[in-house]
Amino acid sequence: MTLVARPTDSAPTTRTGSTLLDAVLRFRALGLLIALVAMVAATAAVNSRFVSQQSIRDILLGAAITILLAVGMTVVVLTRGIDLSVGSVLGLSAYVTADFLQVNPGTPVPVAMLLGLAIGAGCGLVNGAVIHFGKVPALVATLGTLYVFRGIVYFVAGGSRINASDMPRGFLDFGTDRVLGIPYLIIVSLVVVVLAGVFLSRYRAGRDMYALGSSPEAAKLAGIPAGRRLLTAYVLCGALAGLGGVLHAARFGTVDASAGSGMELNVVAAVVVGGVAIFGGSGTVFGAALGALLLTVISNALPVLSVDQFWQQAIVGALILGAIGLDRFVGLRVSASLRRKDSHVD
Amino acid sequence: MSAMGSAPEPPQLRPVVSLDGVTKAFGSVVALRDARLELFPGEAHALVGENGAGKSTLIKILAGVHRPDTGIVTVNGETVEFTNTAAAKDAGIAVIYQEPTLFPDLSVAENIFVGRQPRARLGLIDRAVMNREAAALFARLGVPLDPERPAKGLSIADQQIVEIAKAISVDATVLIMDEPTAALSGVEVERLFAVVRGLRDAGAAVLFISHRFDEVEALCQRVTVMRDGAHVSTDLMAEMTIDQIVRRMVGRELGALFPKQDVVPGAVVLEVEALSRAGLFRDVSFQVRAGEIVALAGLVGSGRSEVVQAVFGIDPRDAGTVRVAGRTLPAGNSKAAMRAGVALVPEDRRQQGLILDLSIMRNATLVRRNRLSRFGFLTGGAERREAAEWTRRLQTRYGRLTDPAGTLSGGNQQKVALAKWLATDPKVLIVDEPTRGIDVGTKAEVHRLMSQLAADGVAIVMVSSELPEVLGMADRVLVIREGRLAGELSRAEATEESVMFLATGRGAAA
C-alpha cells in the first residue's frame, strides 16, 4: 500500500476501495485455480493415470497453443474488440510454414517462428485496418476475414496435406522436445504470457488498451492514439495466432487446410472464463491463460470420467455463462460497496 | 447586437490564447457564428451565456475536439490548428469538462496520468511514483481520495475532483473549466478556487464557465458574454453588475428568478416514514402536500439523492414506509411508484434521465409508450403529436424531433427529461437538481414550470444544491446532514445561514 496523504482538517474517512477490488480479482484467479484442482482431483480419483507425468504434459501441450491465442485475444477484447479470425490465421500460418519447411528443410526453428509471426501479423494488420479505417465493427470484420483467410489456405493447399515425413526432423523435434522435462511449446507460451502481462500492466501502450476499452469517449478526450493502439492490438493478436500455427505444425506434424478450424470460439471461451470482460477494460492475460488451461483440463478429464461428448459442450457453455454471471454479480457488489465507502455515514 | 464596452487591454501583455471570428456548424445547426476570446496570462476569465450560446463548442475547439469551420485560433501569437486533443494538450491547454470523462476500470491515479504515467527503467510505469504524485495532488486539493481505487463507483463530486487533479497535474498555461463546481459542495469549491488562484497567480490563464455568479465574481477579473454563438461583450468584472451580465446573456429583462406562486397546500399526498438504508441514510420522515414544493437541501453526499431514489423505488430501502395518497408503496418497485403517480427526474440526466442515442421524440414519450400504443404497436403519429406538444410547452430548442437527444444542449436535454415525466400527469414530482448546469433563462423557465405544476396541485420534492433556488422555490426546506434529517425550516425561517447551519452542523460556513 502506498501512503495516502491525509490533510489534517476534518478529513472524512479515506475513500478507499482498491484493496477490496484486489481481493475480488485474486478471488477470481483463486476460483479458477480451485476449479482446476477440483477437476484434476476428481478425475484422478477415478483414474490415477490422469495425474501421471505423461498425462499432465499432454494436457499442458494441448493448452499451450490455446493459451498463446488467448493472450492475443485478451489484448483485443480489452479494447472492446474481438478477433474471430484467429483459427484461420493459425491455419494459414501452419500451412505456409510447413510448406516452406518442406522446400527449405535447413531452416532453423527460430526463423520458422519468425515466419509464422510475420504471416499472423500481416493478417492482424488487415483486421486492424478494416476495423479502424473502414469503421467496421470488429465482430463483422473478423467474421469476414475468418472466411477470407481460410479461403486463402484452401487456395494455397489445393486439397493437399503436408505430412510429418515431409518436414525436417529438427522442426518436429521442437514440437516434442523438452528442457528440464518441460516441452518447448509450453515454455514459449509461458514466455509470451509473462511478456504480454508486463506489457499490459506496466507500459503506457498497454494501459491505453484498458483505457480504450473502459471508455472510448474518454480515451478520445485524453488524446490516446486510438488508431495506433487498435492496430497494435490486432497485429499482436494475429502475430500470436501465427506463432500458434508454427507450434501447431511442429506438434502435430501433419497440416492440412482445415488446421485450427473452429478454434476461435475456444479461445474466446477461454478469455471469458478467465475473467476478461467481454466489453473491454478489465481482465488479465494470466486469467485468460488459466481459463484456457481449465477448458483443456475439462475436455481431457470428461472422457476419463466417461462423460458423454454432449455434456462436455454443455459444461463448457455453463462455465461461460457462469463466468459472465459472476462478473455481473461481482461488479454489482463492488460498486455497491464502493458507494458505501463513499458515503459519510458510519 | 455589436460589442458593448471595449475590452480592457492589460498593459504590455500578449494573449496566450485568442480566438477571432470563429464559426462552427454541425449540419444545419450553427453552434458558433462569431466567437471571439482573448486570454491573458495571469487572469481568470469568465465565459457566460445561456445554454446553446456556444460555450461548450468554443471550449471543444480550444481543446482540439472540434475544428473550426472558419476563423483564427492562436496560441502565444502563432496561428494553430489542433487536429486532436493531444495537440491542444501539448500546447499547454488543459480542460475540465462539464461531464466527467473518466475510465471506470482504471485506478484514480492512472486516470490522472493516463498517457503520461511516470516511467522507471525500461520504460516501465512506476506505480509507486504515480500513486505518490496523485496523493500529493489530492492533498493539494484537500480531498483524501485513494489513488489506487478504481474510478468506478466514485460520486460525481469525486469524479470532478479527479478531473481537476488531472488538469492541474499538467503544468498547463491555459486551464479551461466548464462548470467544474456543479457537483461540488461549498468547502470543495473553496479548495478548488484556492488552487486555481494559485495557478493564476503563477501566470496561468484560467477560463471559467459557470452559471453561479457568486463564483464568477469571487474568481474572475474579466467576463465575456456570449449569446447565440456570438461574442456579445468583454468587460472587467468589477465594472459589471450581475443584472447587466444576465441581461446581456438573455437579451431581455428577467423577472424575479424564482417565481414560486403562493398556493394553499391541499391534502397530504406523499408520506415518508422512518426511511432507512444502511450506510446511506437513517430514519428520514417527511410529508408533502398537494401544491407544495419541499426542498431537500444539504451538502453533496449527504444522502439527499439516495433518499428520493429509495422513495421512488429504484433503490431498495431497509426500513420505513412510503405512502402516496394513503396507499403504501412496495419497497424497491419503481413501476408501482409510477403507477401510483410518482415521477422522478434524476440528477444525472446524461446517464439516468435520457437515452442519448434515442430520438428526442422517443425520449419524451418513453414512459408513456404503453398509453400511446395501439394493440401493442407504437404509432408514430401519436408519439410525434405528444412529443411536439410537450417540447412546445417547455420551449425546447431542437433541430428535428427525430434527432438523438444527445445532440441537445444541457438545458434542452433537461427539458426533454422533464417532458418525459410531466406527460405522465404525476401526483408527486421528484426533481433531483432540476437546474444543474442550466443557464439562467432556462432555469427561470424550469422554475416557472415547477411553480405552475404546484399551483395545479402536484406535490413536488426538489433536491437542490443551489441555495438561491432552494430559498426561492421551496415552501419548506428539509435539511439532510450525513444521512439524517437535520431539521425543517419554513419559507420564512429559511435563509442561507440557517440552511447552511443545519447542513454543516456548525456556524454558517462558506
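Contact here means heavy atoms within 4.5 Å. Keep that in mind for every stop below. The model on screen is predicted.

**Stop 1: Ala141 in chain A**

Select Ala141(A). This residue sits in helix α5, which runs over residues 138-157 of chain A. Now show what touches Ala141(A). Setting aside residues up to four places away in sequence, look for Val130(A), Ile131(A) and Val136(A).

Is Ala141(A) buried or exposed? Its relative accessibility is 7%. Buried means under 20%, so Ala141(A) counts as buried.

Ser85(A) and Ala141(A) are 56 residues apart in sequence. Draw a line between their C-alpha atoms: the distance is 9.0 Å.

**Stop 2: the annotated segments of chain A**

The unreviewed UniProt entry annotates "transmembrane region" over residues 27-47, 59-78, 113-133, 139-158, 179-200, 231-253, 265-298 and 310-330.

Take residues 139-158 of chain A. This stretch is 95% helix and 0% strand. Its end C-alpha atoms lie 28 Å apart. Then move to residues 231-253 of chain A. Here the chain is 96% helix, again with 0% strand. The end C-alpha atoms of this range are 32 Å apart.

**Stop 3: where two helices cross**

Hide the rest and keep two helices of chain A: α2, residues 53-78, and α12, residues 285-304. Their axes come within 8 Å. The crossing angle is roughly 145°. The crossing of α2(A) and α12(A) is right-handed.

Show the side chains at the meeting point. From α2(A), pick out residues including Gly62(A), Ala63(A), Thr66(A), Ala70(A) and Thr74(A). On the α12(A) side, the residues they meet include Ala288(A), Ala292(A), Thr296(A) and Asn300(A). What classes of residue make this contact? The contact of α2(A) with α12(A) has 12 nonpolar, five polar and no charged residues.

**Stop 4: Ile320 in chain A**

Select Ile320(A) in helix α13, residues 309-342 of chain A. Leave out neighbours within four places in sequence. Then Ile320(A) is in contact with Ala269(A), Val272(A) and Val273(A). Ile320(A) is partly exposed, with a relative accessible area of 22%.

Gly291(A) and Ile320(A) are 29 residues apart in sequence. Their C-alpha atoms are 10.0 Å apart in space.

**Stop 5: chain A as a whole**

Chain A has 13 helices and two strands. Buried residues make up 50% of its 346 residues. The accessible area comes to about 15,500 Å², of which 67% belongs to carbon and sulfur atoms. Take the contacts in chain A with a separation of 6 or more: residues 24 or more positions apart account for 78% of them.

**Stop 6: chain B as a whole**

Switch to chain B. Its secondary structure comes to 18 helices and 22 strands. Of its 510 residues, 57% count as buried. Chain B exposes about 20,200 Å², and carbon and sulfur atoms supply 49% of that area. Among contacts in chain B with a separation of 6 or more, 66% join residues 24 or more positions apart.

**Stop 7: Glu273 in chain B**

Select Glu273(B) in strand β11, residues 268-277 of chain B. Glu273(B) is partly exposed, with a relative accessible area of 39%.

Which residues does Glu273(B) contact, leaving aside neighbours within four places in sequence? Show Val284(B), Ser285(B), Gly320(B), Thr321(B) and Arg323(B). Now look again at Val284(B). Val284(B) and Glu273(B) are 11 residues apart along the chain, with 6.5 Å between their C-alpha atoms.

**Stop 8**

Most residues other than glycine have a negative phi.

Go to Asp283(B) in strand β12, residues 281-289 of chain B. The phi of Asp283(B) is near 55°. At 48% relative accessibility, Asp283(B) counts as partly exposed.

Finish at Asn76(B). Find Asn76(B) in the loop between β4 (70-75) and β5 (78-79) of chain B. Asn76(B) has a positive phi of about 50°, although it is not a glycine. Asn76(B) is partly exposed, with a relative accessible area of 39%.

Technical notes: Residues numbered from 1 in each chain as written. Chains lettered and ligands numbered in written order. Predicted model: local features only at pLDDT ≥ 70, side-chain atom pairs only at ≥ 80, totals over all residues. Heavy atoms only, no water. UniProt positions renumbered as here; feature names shortened; annotations may be inferred. Helix = DSSP H or I, 4+ residues; strand = E, 2+ residues; numbered from the N terminus. Axes fitted to C-alpha atoms, helices over the stretch in contact; angles between N-to-C directions. Left-handed = near helix turned anticlockwise from the far one by under 90°. Nonpolar A, V, L, I, M, F, W, Y, C, P; charged D, E, K, R; others polar. Buried < 20%, exposed > 50% of the residue type's maximum accessible area, 1.4 Å probe, protein only. Areas by Shrake-Rupley, 256 points an atom, 1.4 Å probe, with all protein chains shown as cover.
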